[in-house]
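Student: I have a model open and would like to learn how to read it. Could you take me through it feature by feature?

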Amino acid sequence: MKLPSDTPRQLANIVSICSVTKVDLSSSPAKVKVELENGIESDWIPFGNAFIGGTRIVAAPKVGVSGLLVSEGGELEVMRFIPCFLTESNDVMIGSDEFIILLNNGDSIHHKGANLTINVSGQSTINASGSSTINTPNQTINADGSVTLNTPTTNITGTGCIVFN
């Protein structure tokens, strides 16, 4: 039997602002507990990640991250947390043609117009199941140590000269 108070309760449960209090990455799917504005903590619930077309950004929310608690039809059994509010005061300002992914350790991917910059603070690896080609008018490799080519054959083509120091 549906009570008269069910409809307002369900509407109030559809979307709520909350923040993460606990994260469990050992379960599948990974889950979070969130605290609602009224101080009530939720049970363990799944969280959503950004997904646009065929592109996904997969990252676990951290304790303190704010977002929305969304409940389909206002039923608490089908809640999901969507992290979406940046509450830090050092917000990054970007232009309309920019896309930036910032990682916790300071690494970043920055796309602006026709330029792509990838900043890595540690070791980086590119794995390709097929061939890899770099097409560019000029290529510069700056290394404080050495550059190693591990290959059975090295082909050098062109009309320039090779300088060995």
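The dialogue below goes from the chain as a whole to single residues.

Student: What should I know before I start?

Tutor: This is a predicted model, in which local features need pLDDT of at least 70 and side-chain atom pairs count only at pLDDT 80 or more, while totals for chains, interfaces and linings use all residues. Residues are numbered from 1 along each chain as its sequence is written, and side-chain values use heavy atoms, with hydrogens and water left out.

Student: How do I read a sheet, and which order do the strands of the open sheet have?

Tutor: Two strands pair if DSSP finds at least two bridges between them. In this model an open sheet of three strands runs in the order β8-β9-β10, with antiparallel pairing. Its edge strands, β8 (98-102) and β10 (115-119), each pair on one side only. Neighbouring strands of this sheet are turned by 5° against each other on average, direction ignored; for such angles, axes are lines fitted to C-alpha atoms, for helices over the stretch in contact, and angles run from 0 to 180 degrees between N-to-C directions.

Student: How many bridges join β8 and β9?

Tutor: Five bridges, in the antiparallel sense. Within this pair, F99 stands opposite H111 in β9. The two strands form a hairpin with five residues between them, and G106 in the turn has a positive phi of about 100°.

Student: How is burial read, and what share of the protein chain counts as buried?

Tutor: Buried means under 20% relative accessible area, exposed over 50%, and partly exposed in between (1.4 Å probe, protein chains only). Of the 165 residues, 16% count as buried. One case is F47, in the loop between β3 (45-46) and β4 (50-52), with 12% relative accessibility. F47 and R80 are 33 residues apart in sequence, and their C-alpha atoms are 5.4 Å apart in space. P61, in the loop between β5 (55-57) and β6 (66-71), is buried at 7% relative accessibility.

Student: Which residues form the nonpolar patch on the surface?

Tutor: Patches are made of residues with over 30% relative accessible area and no salt bridge; like charges are joined within 9 Å, and nonpolar side chains (Val, Leu, Ile, Met, Phe, Trp, Tyr) within 5 Å. This patch consists of I109, L116, I118 and V120, with about 350 Å² of accessible area together. Such areas come from the Shrake-Rupley method with a 1.4 Å probe, and for residues only the protein chains shown count as cover. L116 lies in strand β10 and is exposed, at 54% relative accessible area.

Student: How many salt bridges does a search of the whole structure find?

Tutor: A salt bridge is a side-chain nitrogen of Lys or Arg within 4 Å of a carboxyl oxygen of Asp or Glu. The search finds one. K22 and E41 form it, with their closest N and O atoms 3.6 Å apart. K22 lies in strand β1 (residues 15-24) and E41 in the loop between β2 (31-36) and β3, so the pair ties together parts that are 19 residues apart in sequence. K22 is partly exposed at 38% relative accessibility, and E41 is partly exposed at 35%.

Student: Where is the cis peptide bond?

Tutor: The cis peptide bond joins S28 and P29, with omega about 0°. P29 is in the loop between β1 and β2.

Definitions and conventions: Helices (H or I, at least four residues) and strands (E, at least two) are DSSP runs, numbered from the N terminus.
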